[in-house]
Amino acid sequence: MLEKLKEKGIDELYGDRIAVGTSTCGIAAGALEVLEVLALDDTKNVVEVGCLGFCSAEPLVYVQENGKAALVYRNVKKIEEAKVLGWFYPWEFSPLKLEHPELEGYKEYPRLVEHPFYKKQVKIVLRNCGIIEPLNISQYVAMGGYYALQRVLEKEPEDVIEEVKKSGLRGRGGAGFPTGLKWEIAKKNEGKKYVICNADEGDPGAYMDRSVLEGDPFSVIEGMTIGAYAIGAELGFVYVRNEYPLAVERIEKAIEIAKKYGFLGKNIMNTDFSFDIHVVRGAGAFVCGEETALIASIEGYIGEPRIRPPYPAEKGLWGKPTVINNVETWANISPIILNGWKFFASLGTEKSKGTKVFSLVGKVKNSGLIEVPMGISLREVVEEIGMAENVKAVQTGGPTGGCVPKNLMDVAVDYEELTKLGSIMGSGGMVVLDNTTCMVDVAKYFLEFSKIESCGKCVPCRLGLAEMVDIIERITKGEGSLNDLEELERLADVVANTSLCGLGKTAPNPLLTTLRYFREEYEEHIRGRCPAGVCRALVKYRIVEDKCTGCGLCKLNCPAEAIEEVDEVYKIDDKKCIKCGSCFNVCKFEAVERL
Amino acid sequence: MKFLINSLLEIQSKHGYLPKNEMERISMEFNVPISRIYSIATFYNAFSLKPVGRHVIHVCKGTACVMGGSEVFEDTLKQMGVLDDEDFTYQPIRCFGACSLAPVVVIDGKVYGKMTVSRLKKIVSKLFEDESKDSDNDKTSKGDEDAREA
C-alpha cells in the first residue's frame, strides 16, 4: 500500500503547483487574501502548505511549473509584483533518502539553501513543513513517511527502544531527559500503558510545536505510533493548546485520515498491533506544560503538578505507566528509525545530539523558525541566521529562561552549556534584545508572567514570586534601594530550591541572569534613571518646537489624547501623558525628546 | 472517550461563558462534584463565568509582542472606553504563536500583525460606529413597529 501512496504523492509533489504557506503566521500576514486571488485561475493547481519557517518573509508563495524547481516569492501581496527569495528542490531539506524525478534549477536566481537564513540549518523535525500539503497522506509517504513504522512493526519492541537510546535523543520540551531511557522504564513497568504528546506550548515567543502540528501532523502521529509499539501502549493522547485552533483542527483531521488508511486504529498495517489517539485541548494554563500537571488536566482536574517520583513513566495517567514527550521529540522518531541512530548521533555535541528547533524573534532582520544542529554558537544563530545588529542580549528558554549577554554569545547551544550561564534551553524560544530594551523591565515582565501562571500549590512559588514582583516594581519606579537587590537574590534562592515543579524551580532565572550580567542597570534605576528609557516612572517626553513639522503623526498615535496642536506645532500635556513613548517611536523628525 | 475539559470548552465556545445550569449538567454527566467543575472553571484562563461581549479584543502579551510595545494598546483601549460590557470584552492573551509579526492584536478572531496605536484606534472606532448604528437601527425598527401599531 505504501508504494501506491508514494507514487501518487510523487506525482503531486513534483508536478505543477503553486503553493501558499497558510499556517497561523502566514494567515496573519495575509496569506488567505493571496490564496483567494491565485485560486481564481482554475487552470492552475493552487495548494495550501505549512510554514517554510521564514516568518518575516511571509506571505510566502512558491511556483513549481514545467519541470522546474520551486521558485519562492517573499512578502507577497500580488504575485506579479512580489520579489523572488530564491529557489529550492522540494526534497533537498529532508535528511531522508527520497525517490524523486529530476527537476531543473534556475540560473538567474539564488538557491534557498545559500540564503543566510537557511544556510546553517539542518532540518529533521521541520523536514516536511512548507513542502507537503499537511493533510495529504500520499505526499507524506512520498517524503518517506510511514516507512519507519513499517520497519518498526517487523522488529522487536526492545530493538526499537535500543535504537532510540543509542541515538542520544533527549526530550525537546526543555528538561532534556533521554527519550529511549524513558521508554525503557515505561516498558518495564507492568499494566496498561499510555503515550502522550505534549503540545501545550505555553512559552510566549516559541511556536515550533504549533508549526509542526499545522504543517506536518502525520510526523507526530507516526512518532507516537512507533513509541506506543515500543512500550506496548494501545492508547495515546495529544494535549494541545486551545489557543492554536488550526493546530487542533489539523491534528484531529490527520488522526481520522491515518485511521482510514490503516496507519492508526485496529490492526495497524495489517499486523496485530492496535493503537488509537485522542485529542485533548488545553484551557490556557501555562503550568500544564509540566508533565504531571498535564496529566492531571487530562484526568479532569485543575493543572497542579504532583510530586515526582514516581515519574509518569512509572505511574502516570490514571496511575498507569505513561510516556510523555514533546511534539518535537515525537517528530524526530521516524527519521532516527529510517536513517539509523548513527546518523542522528553524528549531529550535535557530546551530550546533546541531533538538532533543535528555535523560534528566532525580537530585534532580528530574519525572524522565524529555524532548525540547527546542537552545539552551534548563539552568535551564529543570532548574527548570521537572524542578521541582527546592535544585540544587547538574547533571552533563551521562554519565561523561565535567562538572558545571555552579547559578550557570552559564543556559547555553544546545548542543554549543559546554557545551564552553566544560568539560562536554559527550554522549548526553544529565542528573543533577541537590543539597546532599546531595559533589562530590569524584562525581568519584571517574566516574573509577572510566572507569578500569574503559578498554580499556587507551593507557597514559595505563590508568595515568593509575588514578593519579588513587588520589589522589582519598586525598583522600576526609582524607589528601590541596594538592599532590595540582596533581598531579591535571597528570595530567588528560596523559590528555586523549595518549589515542586519546573515552573517554580526556574522562574527566578530571568531575574538572576539579569542581576548577574546587567547589575549596573539595576543600580542606575535605584539612582533614578532608566538607561533604555523604558520604565515609565523614570522618563518624561517633550516636543522640540523647532524640529516639529506639524505632521500630527504623534497625535494620531497617542493612546492618551495627551498631544494638542498649538500654533501649528504639537505639545504634550504632562498631566495626561502616560509616558508610553509612542510619540517618540513614531516621530520621523526626532522632534520628540526623552528626558 | 469524553474529557471534562473538552466538554467545558465546547460549552464556553457555544455560549461565550459557562452558564450555571450547563455546569450542573456536566457535573451529573461526568459524576464529579460541582465544586470541582467550579475549580476548573476558575483555574483555567479559557473559561469565564459571565458572558463575553459582542466584540472580543485580545492584545498579545507574549515576550516578542511586549518587547515590541504591545502594552501601549491596553492604554489605548482603556482611553477609548473599551470596557468589559455587553459590547466589548478585552482580554490580554499570552502568545498566539505569530511572534514574527509582533506586536499582535486579535479582534473578533482576525489577527492583526505589526499593530500601531493609530491603526488600532481606527479599527476600534469603526466597531464603535457599527455598534451605535446597530442600536440606532434597533430604535428605528422599534419606532416603525410602534407606528404600525398606532
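I will start with one pair: the side chains of Lys259(A) and Glu256(A) form a salt bridge, 3.9 Å from N to O. By salt bridge I mean a side-chain nitrogen of Lys or Arg within 4 Å of a carboxyl oxygen of Asp or Glu. Why can these two meet? Lys259(A) and Glu256(A) sit three residues apart in helix α11 (residues 245-260) of chain A, so about one helical turn separates them. Over all chains, the whole structure has 41 salt bridges.

Some housekeeping. This is a predicted model, where local features need pLDDT of at least 70 and side-chain atom pairs count only at pLDDT 80 or more, while totals for chains, interfaces and linings use all residues. Residues are numbered from 1 along each chain as its sequence is written, chains are lettered from A and ligands numbered from 1 in the order in which they are written, and side-chain values use heavy atoms, with hydrogens and water left out. Helices (H or I, at least four residues) and strands (E, at least two) are DSSP runs, numbered from the N terminus.

Now the interface. Contact here means heavy atoms within 4.5 Å. How many residues does each chain bring to the contact? Chain A brings 62 residues and chain B brings 39 residues. Between them the two chains bury about 4000 Å², with 60% of it on carbon and sulfur atoms. Buried area is the accessible area (1.4 Å probe) that two parts lose on being put together, summed over both. On the chain A side, Arg281(A), Ala283(A) and Tyr445(A) lose the most area to chain B, together 15% of what that side buries.

Two salt bridges are counted between chain A and chain B. In one salt bridge, Arg536(A) pairs with Asp75(B), and the closest N and O atoms are 2.9 Å apart. Several elements of chain A each supply at least two residues to the side that touches chain B, among them β7 (235-240), β8 (276-281) and α17 (439-453). Of that side, α17(A) gives the most, with six residues. By class, the side of chain A that touches chain B has 36 nonpolar, 14 polar and 12 charged residues. For these classes, Ala, Val, Leu, Ile, Met, Phe, Trp, Tyr, Cys and Pro count as nonpolar, Asp, Glu, Lys and Arg as charged, and the others, Gly among them, as polar.

Next, the second largest pocket. A pocket is found on a 1 Å grid over the protein atoms alone, as an open set of points where a 1.4 Å probe fits, with protein on both sides within 12 Å along at least five of seven lines; lining residues have an atom within 4 Å of a point. Which residues lie nearest the centre of this pocket? They are Gly173(A), Gly174(A), Ala175(A), Gly289(A) and Gly502(A), out of 46 lining residues. The lining divides into 15 nonpolar, 18 polar and 13 charged residues. Helix α8 (179-188) and strand β9 (322-326) of chain A are among the elements that each supply at least two residues of the lining.

Last, some backbone details. A cis peptide bond joins Arg308(A) and Pro309(A), with omega about -5°. The bond from Pro309(A) to Pro310(A) is also cis, with omega near 5°. Pro309(A) is in the loop between α12 and β9 of chain A, and Pro310(A) lies in the loop between α12 and β9 too. Tyr146(A), a residue other than glycine, has a positive phi, near 65°. Tyr146(A) is in the loop between α5 (137-142) and α6 (147-153) of chain A.
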